[in-house]
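Work through the exercises below with the sequence and the 3D view open. Try each task before reading its solution.

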Amino acid sequence: MTNILLIIFAITLLYFSIANRLMTYLSILSFQGVLLMLVALLELHDMNVLNFAFIILETLIVKAIVLPLFIRYVIKKNKIKREAEPFVPYFVSLLVTTMIIVLTFVLSNLIEAVHLNKIYFVTALSALFCGLFLIVTRKKIITHVICYVLIENGVFILSLAVGNEMPLLVNLGVLLDVFVSVFLLGIFINKVGNVINDGDVNQLSSLKD
Amino acid sequence: MTVIAYFVISLVLALLLFANKNKSLNNAMVALFVVLQCAFTYMSFMAKGENLLYFKMDSLGLLLLLVLTIVSIPALFHRYDYIYAETETPRTRGIYYGAMVLLVMALSMAYLSSHIAVTWIFVEITTLSASALVYHRRSAGSIEATWKYIFVCSISLVFVFIGILFLSIALGSVAETNLTYDSLTQIAPKLDTFWLKLAFVFIFSGYTAKFGLVPMYTAGIDAKDKAPTPAAGLFSSVLMNVGFVGVFRFYQILTHTQVQSWASHVMIISAVLSIFVATVYLLKVKNVKRMLAYSSIEHMGVVALGLAAGGIGYYAAILHLVLHTFAKSSLFMQIGHLYMVFKTKDIYQIGNYFTYNTPGAVFLLLAFVCVTAMPPSGLFVSEFLVFKSLFAANYIYVLVPVLIMLTFIIWALGKNIFKMLFTPVDGFDASNITKPSCVETVSQYILLLLTVYLGICPPDFFVNLINEAVQLLTL
């Protein structure tokens with residue numbers, strides 16, 4: 001069951017690479033939040049009840065509902081255009097994302113990991129590299145934030161892989177999630193939106209040598 | 001207990017500073033924090049070697065804590081509104097001092113922490129407080145710098161976190177263990193080497209955002225350019241030390257495994273690339289703060305080379321780090337004075353500084369000698385030892401290009417600094433120059449003197465601290 005959920009997660013990455021509206025990104029993010037909640041529900045059986053409930057609620061409320069809604073609010077407030085505006089064609093994005101998934105899959109088969117379910121490793125690393133790739137190839141600043149959240153989702157999967165032995169690390173991942181995302185978005189996007197109207201990365205290139 | 005008390009009191013002080021609007025109350029609270037910081041440093045030295053919850057008073061942490069305390073006193077008492085003083089309001093002052101207090105607190109805790117995840121949390125807090133400082137001027141440029149800084153640092157911290165996760169996979173089924181550095185060091189030989197290597201790559205590249213090495217050094221440059229000068233002084237000295245601590249503690253685990261030589265090679269590659277990048281940019285840089293920021297990148301490259309070479313290199317790396325902290329922070333504070341006189345950071349519009357502010361100009365000249373590691377600068381001693389260790393470890397093919405690049409750096413820095421000191425510029429209106437405070441200049445001289453003193457005739461107490469820190473790697 002977990003495997004199926006994680007494979008669906010990997011498929012959402014492909015969808016991410018061809019989506020051309022910001023709102024589609026947000027729907028994918030909240031769908032991923034639900035997937036992560038289900039994975040956590042199935043996997044973290046050795047954890048104490050309070051901690052378990054906290055993590056389930058965090059993934060469901062923060063990842064699936066609050067963050068997408070919040071980003072949506074920021075988009076509306078700053079009147080950001082709804083297209084993603086990539087630097088490269090969608091077809092190339094799709095190709096690269098597929099390559100990333102295939103390569104991490106091959107890489108994971110080269111290693112011998114006794115203690116690790118490899119599918120976690122593949123999904124998490126794919127999410128990380130796809131996130132980095134999308135950050136580099138999308139024009140808008142808000143898509144950078146969205147892709148950062150995508151990377152965090154990947155990291156959360158990896159932390160679930162060791163969650164039963166090291167519950168502390170899962171909590172830390174959650175901390176990173178809430179703290180940084182809210183900080184990045186809440187304090188900053190408002191200011192960036194006020195000063196730099198269209199939220200385009202080209203306007204962030206005055207500091208250089 | 002002392003650690004928790006220190007943490008809570010500084011947090012409360014930072015919050016009060018944020019909220020407070022009264023100037024004299026503000027100064028009183030900053031003074032109170034300085035007293036608290038000194039008291040905490042003293043208490044930590046008294047409790048040397050003890051384990052307190054997630055913190056351990058070990059020699060490396062104590063040494064860097066002492067350095068931080070010394071540097072933070074002038075940094076907190078320096079003026080931060082050198083230019084555009086009219087745009088400063090009680091609110092911006094509150095945010096500035098609150099963020100400074102938070103930054104110093106988070107740095108102290110990160111130095112002393114004995115748990116890999118706790119270090120990570122406090123490094124995260126340094127990012128948050130530092131970004132408030134970068135944002136201080138609220139211009140389009142500082143927004144850009146803050147955005148880049150937060151974004152790159154957040155990605156880097158995600159990298160560190162992934163590294164920690166890989167480390168915990170490496171632990172696998174190795175009995176009951178926690179993630180404190182001590183217990184990790186003990187079980188290090190039993191860990192799976194593949195996952196350790198992967199963990200090192202991620203943790204190292206994550207911490208380079210603070211340490212100031214290739215690949216993640218970029219955001220730090222913009223941050224140092226845009227932050228008020230005393231804060232920039234902290235960024236390019238004690239904040240870089242926290243990256244060093246992160247790398248050092250993990251490297252300490254690796255020295256007990258077979259991965260060590262592999263990890264040193266990774267560090268050497270990163271260090272040489274950093275020195276290369278610093279050389280290229282120093283040759284064309286036009287902004288005086290960015291020039292100093294690139295010079296810090298070069299020095300951190302030398303530190304990483306020392307750490308990677310081993311032998312006497314360990315000692316030299318720590319010595320270089322400490323001396324660089326004093327030299328670079330004082331130099332940044334002097335740039336504040338320079339900025340106050342000329343109201344610009346553009347090297348082409350600064351000139352003939354000797355006429356306008358002689359004590360500051362003499363300082364700049366001496367600091368140039370210090371920072372380019374010419375005798376009698378202490379940095380000469382440490383840099384010489386780093387090169388010696390590289391030679392001894394058969395890295396001569398690394399040493400030769402590095403020396404050539406350092407020569408270029410000396411030339412580039414010399415060209416710019418001598419231009420600022422002696423060559424007059426056209427169209428500079430010298431009628432309404434604000435005179436910098438002489439107490440501040442004296443404090444800069446003191447920091448510079450420390451660089452010379454600690455390098456030439458280091459006191460026993462100082463040498464012992466470094467040697468004990470080195471023993472963490474070799475025992």
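Axes are lines fitted to C-alpha atoms, for helices over the stretch in contact, and angles run from 0 to 180 degrees between N-to-C directions. Helices (H or I, at least four residues) and strands (E, at least two) are DSSP runs, numbered from the N terminus. This is a predicted model: local features need pLDDT of at least 70, side-chain atom pairs count only at pLDDT 80 or more, and totals for chains, interfaces and linings use all residues. Residues are numbered from 1 along each chain as its sequence is written, and chains are lettered from A and ligands numbered from 1 in the order in which they are written.

**Exercise 1. Describe the packing of α3(A) and α6(A).**

Step 1. Take the angle and the distance. Helix α3 (residues 49-77) of chain A packs against helix α6 (residues 141-161) of chain A at about 170 degrees, and the axes are 11 Å apart.

Step 2. Classify the angle. Under 35 degrees counts as roughly parallel, over 145 as roughly antiparallel, 65 to 115 as roughly perpendicular and the rest as oblique. Therefore α3(A) is roughly antiparallel to α6(A).

Step 3. List the contacts (C-beta atoms, placed from the backbone, within 7 Å). From α3(A) come A:Lys63, A:Leu67, A:Ile71, A:Val74 and A:Ile75; they meet A:Ile142, A:Val145, A:Ile146, A:Val149 and A:Asn153 in α6(A).

Step 4. Sort by class. Ala, Val, Leu, Ile, Met, Phe, Trp, Tyr, Cys and Pro count as nonpolar, Asp, Glu, Lys and Arg as charged, and the others, Gly among them, as polar. This contact has 8 nonpolar, 1 polar and 1 charged residues.

**Exercise 2. Summarise chain A.**

Step 1. Count the elements. Chain A has 7 helices and 0 strands.

Step 2. Check burial. A residue is buried if 20 or more other C-beta atoms lie within 10 Å of its own, exposed if 12 or fewer, and partly exposed in between. Of the 209 residues of chain A, 42% count as buried.

Step 3. Look at contact range. Take contacts in chain A between residues at least 6 apart in sequence: 77% of them join residues at least 24 apart.

**Exercise 3. How do α13(B) and α17(B) cross?**

Step 1. Find the geometry. The axes of helix α13 (residues 288-309) and helix α17 (residues 378-392), both of chain B, come within 9 Å and cross at roughly 40 degrees.

Step 2. Name the arrangement. That angle makes α13(B) oblique to α17(B).

Step 3. Locate the contact. B:Val302, B:Leu305, B:Gly306 and B:Ala309 of α13(B) touch B:Glu383, B:Val386, B:Ser389 and B:Leu390 of α17(B). By class there are 5 nonpolar, 2 polar and 1 charged residues.

**Exercise 4. Which element of chain B gives the most residues to the side that touches chain A?**

Step 1. Size the contact. Chain B supplies 28 residues and chain A supplies 29 residues.

Step 2. Name the contributor. α6(B) gives the most to the side of chain B, with 17 residues.

Step 3. Sort that side. Its residues divide into 17 nonpolar, 5 polar and 6 charged.

**Exercise 5. Is B:Phe235 buried or exposed?**

Step 1. B:Phe235 is in helix α10 (residues 229-235) of chain B.

Step 2. Count neighbours. B:Phe235 has 29 other C-beta atoms within 10 Å, so B:Phe235 is buried.

Step 3. Name its contacts. Not counting residues up to four places away in sequence, B:Phe235 touches B:Ala130, B:Gly220, B:Ala223, B:Lys224 and B:Ala227.

How values were computed
Contact = placed C-beta atoms within 7 Å.
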